[in-house]
Structure formats: C-alpha cells, structure tokens
Amino acid sequence: MPILPAPHLALRPNPLLSTATMLFGHGPGDACCAEHPAQVAQPVPVARPRRSTLADLDLHLHCSIIGTCLSTGELRKLVPRFQPLIDRQHASDLDIHHAAVGICCDRSPGWKDINKALDTRHLLVIKRFKAAPDEAALLALWSQAMASGEVPGAYWALMTHPCVTPDARATAFGDVHMLSHLVGAANRADIRRLVALEAEADELRQQNERQQERLREQALRHGAATRRLEDEVRALRVQCRQQADTAELEAQLAQARGELAASASRVALHLARGDEAERKRTASDALVATLQGELARVGAQASAALADALAVERALTAALANDGSGTTLPPLAGQCIAYIGGRPGAVATLVRLVADAGGQLLVHDGGIEERQGTLVSTLARAQTVVFPVDCISHAAMHTIKRSCEQTGARYHPVRSASVASMILLLQRLFPQATMATPPSSRFCLRHG
C-alpha cells in the first residue's frame with residue numbers, strides 16, 4: 001500500500017534550483033517542504049541578541065531540521081499529543097515526519113514543544129556554538145562537526161545561532177542534503193560491483209556449458225567421421241588386394257589420413273578453448289567467494305560498530321535525562337571492576353564514568369609500564385574483570401584467566417579499547433538499570 005503524504009502538504013516535483021532558492025525563495029519544493037499558502041517574503045535575517053526558534057526560520061528548513069536533528073522515536077512521543085488522528089503505534093515514519101513538519105509550518109499547538117525538544121537534546125552542542133562571534137567561526141565549528149560526524153546537534157545550533165547568515169545556512173543545508181546521497185552512493189556502488197561480478201560468473205558458466213555441448217557434438221561427428229574413414233580404409237585395402245593399381249589407393253589413403261589429422265587438430269583446439277573457459281569460470285567463482293567473504297566481514301564490523309553506537313546513544317540519552325543530571329553508565333552499586341590493558345586516554349575517561357555511576361575501576365596496563373607482579377593483586381580485589389582483546393598482551397590474558405578461575409571472579413573480553421565497547425558491556429551486564437531506547441531511523445524518505 002503506497003504511503004500518502006500528510007493532508008496539508010501537496011506532492012510536487014523538485015526541480016533543479018539553486019541552494020539559495022531552495023532555502024529562502026518561494027519556488028516549488030518537495031512535499032514535506034512545500035511552501036505554505038500564508039508564507040510571505042522573508043527579509044534577510046540579521047544578527048539578533050537571542051537564538052532563533054522554529055517560528056523564526058524559513059519554512060523550507062523545517063523538514064531538514066526535524067528529519068536530521070530529532071529521531072522518529074522522539075517524534076512519536078510528541079506528535080500524537082497534538083495530532084489526534086496520528087496513531088502512535090501504527091503510523092509510518094513518513095506520516096510522523098510530515099505531521100511534525102506540518103505542526104511547525106502552521107505554528108500549530110506543539111511547535112514550541114518540538115523546539116524545546118531540539119534545545120534539550122542538543123544542549124551541549126548549542127553551548128559550544130554559542131561562543132562563535134561571527135559567520136567564519138560558525139562555519140569552522142560546522143566543518144569540525146561534519147568531520148567528526150556530530151551533524152544533528154551542530155545543524156540545529158548553527159541554524160538558530162544569532163550570528164548565522166543566509167550563506168551559512170545555505171552551506172549547512174547543502175552539506176546535510178548531500179550526506180544522504182554520499183551514503184547511498186557508497187552502498188549502491190558495492191552492490192552494483194557484486195551484482196556485475198555475479199552476472200559475469202553466470203555468463204561464463206553458460207558459455208562453458210555451450211562450449212562443452214559443442215565439443216560433445218564435434219566429438220560425436222569426429223567419431224562418426226573416424227569410423228567412416230576406417231570403413232573406407234578397410235574397403236580400400238580390399239580393393240587394393242583386388243586391383244593391381246595400388247598407387248591410386250595409396251593416394252586415397254594419404255588423403256584420408258590428412259583429413260583425420262585435420263579433424264584431430266580441430267578437436268584439440270576446441271578442447272584447449274574449453275579448458276581456458278573452465279579456468280576463467282573457476283577464477284570468477286573464487287573472486288565472487290572472496291568478495292562475499294569480504295562483504296560478510298564488513299557487515300560484521302558494521303554490526304559491531306552499530307552496537308557500540310547504539311550503546312553510546314542509550315548512555316547519552318540516560319545522561320541527558322532529567323535536565324542532564326543522569327549518569328552515562330547504569331548504576332553500578334559499588335561494583336569493583338578491574339580494567340586490564342587499554343589506552344591511557346580511554347582508561348581515564350572510563351575511570352570517571354564508572355565513578356560517576358557509583359562503582360570503582362581498578363586499572364592495570366597488563367605489564368607494559370606497571371609491574372606484572374601487581375596484576376594478580378589487582379585482580380584479587382575485583383568482582384568483574386574486563387580487558388580489550390586488541391590492546392593487551394597474551395601473557396596478561398593468561399594471567400587473568402588463571403586468576404579468575406581461582407577467585408571465581410567473572411572476566412569479560414571486549415572487542416576494542418574504545419569507551420563505547422566498555423559502555424556496551426556494562427549495559428549488557430546491568431540490563432535492569434539501562435534506559436530502554438529503541439533504535440530509530442533518522443532518514444527522511446525525501447531528503448535523507
């Protein structure tokens with residue numbers, strides 16, 4: 001069943017307009033960015049002593065801001081309160097997005113709640129952008145956010161900054177618009193490459209089958225010709241015994257032998273071509289298998305990275321709850337955790353996070369700078385032992401396993417020495433205290 005747009009938005013094609021026209025003009029746009037009937041020409045914004053709100057921004061910006069800076073899960077909590085016809089459980093992501101954009105475009109009851117949700121979620125980024133005194137500083141902060149992947153908060157902070165200019169807004173809008181194209185193009189290129197290789201392998205297999213069929217037919221014809229020639233030879237031998245003129249018979253026999261040799265040469269040529277086609281098919285199958293293995297490996301890495309990102313998102317959501325007074329990690333209730341190995345910068349962050357969550361993190365580098373002998377005493381004090389498999393020595397891992405078997409403590413290897421891997425492990429070890437935040441898509445079906 002096709003997805004219908006919201007009643008107050010009309011679906012119209014999106015012609016190739018300049019970025020400035022799409023941002024601040026009154027030309028046609030996409031359905032969720034359609035020009036409101038009551039819209040009038042907006043004056044060029046000037047620096048104001050306060051940040052802008054959704055009501056101050058051009059209507060064409062609402063779609064990209066809501067689709068980029070708020071998750072669908074957050075919108076599902078807000079929109080049904082002001083749009084009774086929207087079903088919180090069964091409405092599609094597109095319907096939720098269109099309804100939120102409509103609320104902001106019409107300045108219906110609820111746009112202030114959406115504005116407040118944006119400010120609350122991106123409070124830290126807004127504070128960082130607040131120090132920017134002019135457009136150059138804003139664009140520098142925006143470039144840093146694009147490089148680090150902190151696009152949602154930076155986009156909202158820049159669009160509502162008192163010093164933002166139309167050119168700066170146009171630059172940010174264009175960057176966000178192109179991100180979806182770049183991500184989609186990368187995925188499509190890999191898929192096209194794999195599909196092309198599979199098609200080539202299938203074509204080679206079909207060519208090989210056709211070649212084998214031709215070889216079988218030629219072999220049958222060769223066999224029939226050979227038998228015919230043998231019959232002729234036998235007849236000639238009989239004729240030779242019966243006739244005195246053997247010279248003519250010898251010439252006929254030589255001709256038959258020449259034809260037989262030519263036929264054998266053709267068969268050998270076709271056999272060589274068949275072997276070459278088989279080698280190409282084998283090489284193509286090996287390349288497809290290699291690419292499929294590489295694709296599976298990249299998929300596993302992407303799944304692990306996604307799990308880390310979701311854990312960090314849940315942790316940040318819990319930390320920002322109640323006006324940012326929560327902790328990043330689940331409550332640890334006095335748990336004593338030993339962290340062996342890792343990198344100094346990440347370890348220092350983990351010590352602070354565990355302490356904020358009510359736990360104690362004992363740190364040992366696994367014998368690089370600290371003595372190996374102190375490792376056992378550190379392990380004896382811990383209830384849980386954690387070590388990153390990519391940043392620890394084999395000797396330290398063996399010591400951890402032996403010590404935990406003797407003391408009965410639990411040990412947990414993590415994928416990497418990153419802070420995200422540790423946060424994901426603690427959320428799994430203490431699931432009853434972790435805020436449940438369902439994953440949600442930030443992808444706008446029309447703008448990305």
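Visitor: What makes the order of the four strands in the open sheet what it is, and how do they pair?
Guide: Keep in mind that this is a predicted model. The open sheet runs β2-β1-β3-β4, and its pairing is parallel. At the edges sit β2 (360–364) and β4, each of which pairs on one side only. On average, neighbouring strands of this sheet are turned by 25° against each other, direction ignored.

Visitor: How do you know that β1 and β3 pair?
Guide: Count the bridges. Two strands pair if DSSP finds at least two bridges between them. Strand β1 (residues 336–340) is joined to β3 by three bridges, and the two run parallel, so they qualify.

Visitor: What kind of unit do β3, α13 and β4 make, and what is its handedness?
Guide: They make a β-α-β unit, and a right-handed one. The label applies because, with the strands pointing away from the viewer, the path from the first strand over the helix to the second runs clockwise.

Visitor: Let's do the rings. How many aromatic pairs does the structure hold?
Guide: Two. In one of them, the ring centres of Trp-142 and Tyr-155 are 6.0 Å apart and the planes are at 45°.

Visitor: Why is that pair of Trp-142 and Tyr-155 called tilted?
Guide: Centres within 6.5 Å make a pair, under 30 degrees is stacked, over 60 is edge-to-face, and the rest is tilted. At 6.0 Å and 45°, Trp-142 and Tyr-155 are therefore a tilted pair. This pair links distant parts of the chain, 13 residues apart: Trp-142 is in helix α7 (residues 135–148) and Tyr-155 in helix α8 (residues 151–159).

Visitor: Are Trp-142 and Tyr-155 buried or exposed?
Guide: Buried means under 20% relative accessible area. Trp-142 has 1%, so it is buried, and Tyr-155 has 0%, so it is buried too.

Visitor: What about the rings of Phe-387 and Tyr-411: how are they arranged, and why?
Guide: Their centres are 6.4 Å apart and their planes are at 25°, so the pair is stacked. The cut-offs are 6.5 Å for the centres and 30 degrees for stacking. Phe-387 is in strand β3 (residues 384–388) and Tyr-411 in strand β4 (residues 410–414), 24 residues apart.

Visitor: How do you label the accessibility of Phe-387 and Tyr-411?
Guide: Phe-387 has 2% relative accessibility, so it counts as buried. Tyr-411 has a relative accessible area of 33% and is therefore partly exposed, because that label covers what is between 20% and 50%.

Visitor: What makes Thr-378 buried?
Guide: Its relative accessibility is 11%, and the cut-off is under 20%. Thr-378 belongs to helix α12 (residues 374–380). Leaving out residues up to four places away in sequence, Thr-378 touches Leu-362 and His-364.

Visitor: How do you know that the side chain of Thr-378 makes a polar contact with Thr-374?
Guide: The side chain of Thr-378 reaches the backbone oxygen of Thr-374 at 3.0 Å, and a polar contact needs a pair within 3.5 Å. Thr-226 in helix α9 (residues 166–242) is another case: a polar atom of its side chain lies 2.7 Å from the backbone oxygen of His-222. Thr-226 has a relative accessible area of 17%, so it is buried.

Visitor: Finally, what share of the protein's residues is buried?
Guide: Buried residues make up 39% of the 448 residues.

Terms used. Residues are numbered from 1 along each chain as its sequence is written. This is a predicted model: local features need pLDDT of at least 70, side-chain atom pairs count only at pLDDT 80 or more; totals for chains, interfaces and linings use all residues. Side-chain values use heavy atoms; hydrogens and water are left out. Buried means under 20% relative accessible area, exposed over 50%, partly exposed in between (1.4 Å probe, protein chains only). A polar contact is a pair of N or O atoms within 3.5 Å; within protein, one must be able to donate a hydrogen and the other to accept it, and residues adjacent in sequence count only if both atoms are side-chain atoms. Contact means heavy atoms within 4.5 Å. Axes are lines fitted to C-alpha atoms, for helices over the stretch in contact, and angles run from 0 to 180 degrees between N-to-C directions.
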